[in-house]
Each structure stands twice: as C-alpha cells, then as structure tokens.
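Good morning, and thank you for coming. Please look at the structure as I bring it up, and keep it in view while I speak.

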Amino acid sequence: MMIYQATRWLSSEGVYLFQVPEVGGILNEDTIMLLTSSLYAISTFFDQEHIKFNNEKLSIVRINFHPPITSEEPVENVPDYVIHCSSYRGLSLQSVFYSHMITNQMSEFEKAFLDSIVENIYNRLQASGRDISDIPYLQNFSLIKDVATMLEEVDTKFQSLVASWSLTQASNDFGSKFEFTNVLYNGKIRIEELFYDLGERAIESFNQLLMSKEEKITLYKIAKSLVSLSGLMYENLLSPEQDPMAISYSEIVLETAETKMLYRLDVRSYTIEEEAFCDITIMSN
C-alpha cells in the first residue's frame with residue numbers, strides 16, 4: 001500500500017521515457033511529457049553553468065508550484081506541487097509530490113534518493129551494453145521492471161527510509177535550512193519583453209549578487225520557463241479573462257556545489273492595468 005503518493009518519471013535530454021506508477025499518478029502522462037522538456041531546459045542552464053551565484057555552480061534541489069492567488073476568494077481544493085530533478089550524463093529522473101505530503105526532511109531524502117537511482121540506472125545500462133536511447137524498447141528487459149518495483153516499494157516505507165537516512169546526515173536542521181530570510185536580488189520585467197528573452201530590460205530594485213549581463217538574461221529565461229510551467233500545471237484552473245488580477249507563482253530551491261549554501265528563486269507573474277509583469281526575488285538562508 002502506497003503511503004506517500006508520488007509520481008516519478010525517467011527522461012533523456014528532455015524526452016519522456018516512462019513513469020511510475022504507469023497509470024493513476026499525481027499528474028497524467030500528457031502533462032508530464034510537456035513538463036519534461038521545460039524541466040530539462042531549466043536544468044541545462046545550471047548543468048552547463050550558464051548562471052552562478054557568487055561564482056559557484058548551482059544545482060536544483062526542488063521546484064514548488066502554487067495555485068494562482070486570486071483577487072477574490074482563495075482557490076480551494078487545488079494542490080501545491082513539489083518537483084525534484086536529478087540528472088546524470090544525459091539521463092534524468094524526476095518526481096512530483098503534493099506539497100502537504102512531503103516535509104523538508106523528506107524532500108532532501110527524495111533528492112538524494114533520485115541522485116543515487118539515476119546514476120545506478122545509467123551504470124546498469126552501460127554494464128549491459130545498452131544506450132539511453134534503448135530504454136523505450138526495453139519492455140522485455142529487466143531494467144524497467146526492476147526500477148518500477150523499487151520505486152513502488154520505496155513509497156510503502158518512505159517514512160522509515162527518511163528516518164534512517166536522516167540519522168546518517170551530519171546535520172538535522174532540515175527546517176531551518178529552508179528558512180530564507182536574506183533578500184539578495186529583486187527585479188521586475190514586462191512579460192512581453194520576457195518572452196523575447198530581453199532579460200537585460202529588467203528593472204532592478206535590489207541587487208547584492210554579482211551576476212554578469214549574460215547571467216541576468218539567463219535568470220529571466222529561467223523565469224520565463226517557470227511562468228510557462230505554472231500555466232501548464234494550473235491551465236484548467238483560471239484564465240486571465242476570468243481574473244486578470246490573479247497572481248501565479250513558483251519557487252526553485254538551489255544549492256551551491258562547494259559551500260552547499262541554499263538559495264530560493266521566487267517567480268511571480270501578474271497583471272496591472274492590462275500589462276503583464278514578472279517579478280523575480282532571490283533569497284538565501
């Protein structure tokens with residue numbers, strides 16, 4: 001019996017391969033296929049070091065998506081989502097949870113778990129003389145069945161696995177690690193300009209990060225992707241015609257490669273006097 005519901009899926013360079021569970025997951029397969037290419041594009045910015053904070057390489061810990069904030073009554077019975085992403089040599093493993101079903105401690109375990117599994121899958125392919133591109137044709141090969149069984153078993157004992165894993169960590173301050181209080185950057189740009197990749201036109205009201213012009217453009221390309229993904233996650237919920245004042249927002253939690261410092265990148269899109277804007281705020285813990 002699955003205790004902590006999650007959907008995990010494997011992809012290669014933005015191409016969806018398969019998911020667990022195959023049916024009845026948190027998101028339908030069509031949505032996951034659309035998510036995959038955008039998530040890959042976002043992760044590529046960090047993997048290829050197109051943007052750094054304080055000259056350190058960044059990796060994605062998780063991405064949070066929230067339902068739109070409306071100008072009237074709160075939207076009820078619509079979930080927040082938490083997505084984790086791990087990549088290894090062109091192979092990627094992602095998971096999505098309902099946010100109320102995963103704590104900070106569980107989230108850190110999930111990221112470490114995905115890192116380990118995606119590397120294991122890659123190594124198994126190499127050992128068997130297979131390429132990543134062979135995966136869609138491996139239905140009779142034990143790899144897909146083994147991975148699916150393992151992921152399903154993990155969810156039946158997720159809490160105990162997290163507890164055991166946390167005991168091995170040098171620090172257990174999982175709650176305070178995700179408390180972001182220091183604002184390092186705040187910028188605003190018109191959505192119209194954002195979608196033309198003109199990030200250098202952003203109006204900055206606060207900037208303590210050392211970023212080149214090219215890195216700031218990349219920052220707004222990431223924001224562009226998050227705005228699109230948020231629209232995809234909640235496309236059937238609300239349209240601008242229904243509520244032009246609605247605010248959509250999402251967050252990426254990032255970790256630096258050397259100092260292991262965490263940053264949170266918040267993206268909010270909204271409309272003022274028929275003009276759509278996107279705000280980006282970067283905070284540290």
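On the α2 side, the residues involved are Gln105, Met106, Glu108, Phe109, Glu110 and Ala112, and they meet Phe158, Leu161, Val162, Trp165 and Ser166 of α4. What kinds of residue make up this contact of α2 with α4? Seven are nonpolar, two are polar and two are charged. Helix α2 covers residues 104-127 and helix α4 covers residues 158-167; their axes are 10 Å apart and the packing angle is about 85 degrees. Because of that angle, α2 counts as roughly perpendicular to α4.

Let us now turn to the sheet. It is an open sheet of 10 strands with antiparallel pairing, and its order reads β2-β1-β5-β4-β3-β8-β9-β10-β6-β7. Which strands stand at the edges? They are β2 and β7, the latter at residues 203-207; each has a single partner strand, so one side of each has no neighbour in the sheet. From one strand to the next, the twist averages 15 degrees.

Strand β1, residues 6-12, runs antiparallel to β2, and five bridges join the two. Within this pair, leucine 10 is placed opposite phenylalanine 18 of β2. The two strands form a hairpin, with two residues between them, and glutamate 13 in the turn has a positive phi of about 50 degrees.

Is β2 largely enclosed or largely open? Strand β2 spans residues 15-20, and five of its six residues are buried, so the rest of the structure largely encloses this strand. Helix α1, residues 29-47, lies across β2 and also across β1, β3, β4, β5 and β8; its direction is at about 120 degrees to β2.

Further along the sheet, strand β6 (residues 182-190) and strand β10 (residues 275-284) run antiparallel and are joined by eight bridges.

Finally, a word on confidence. The protein chain has a mean pLDDT of 85, with 87% of its residues at 70 or more. Where is confidence lowest, and where is it highest? The lowest is in helix α5, residues 174-177, with a mean of 66, and the highest is in strand β5, residues 91-98, at 94. Where pLDDT is low, predicted coordinates should not be read in detail.

Methods: Residues are numbered from 1 along each chain as its sequence is written. This is a predicted model: local features need pLDDT of at least 70, side-chain atom pairs count only at pLDDT 80 or more; totals for chains, interfaces and linings use all residues. Side-chain values use heavy atoms; hydrogens and water are left out. Axes are lines fitted to C-alpha atoms, for helices over the stretch in contact, and angles run from 0 to 180 degrees between N-to-C directions. Helices (H or I, at least four residues) and strands (E, at least two) are DSSP runs, numbered from the N terminus. Angles under 35 degrees count as roughly parallel, over 145 as roughly antiparallel, 65 to 115 as roughly perpendicular and the rest as oblique. Contact means heavy atoms within 4.5 Å. Ala, Val, Leu, Ile, Met, Phe, Trp, Tyr, Cys and Pro count as nonpolar, Asp, Glu, Lys and Arg as charged, and the others, Gly among them, as polar. pLDDT is the predictor's confidence in each residue, from 0 to 100. Buried means under 20% relative accessible area, exposed over 50%, partly exposed in between (1.4 Å probe, protein chains only). Two strands pair if DSSP finds at least two bridges between them.
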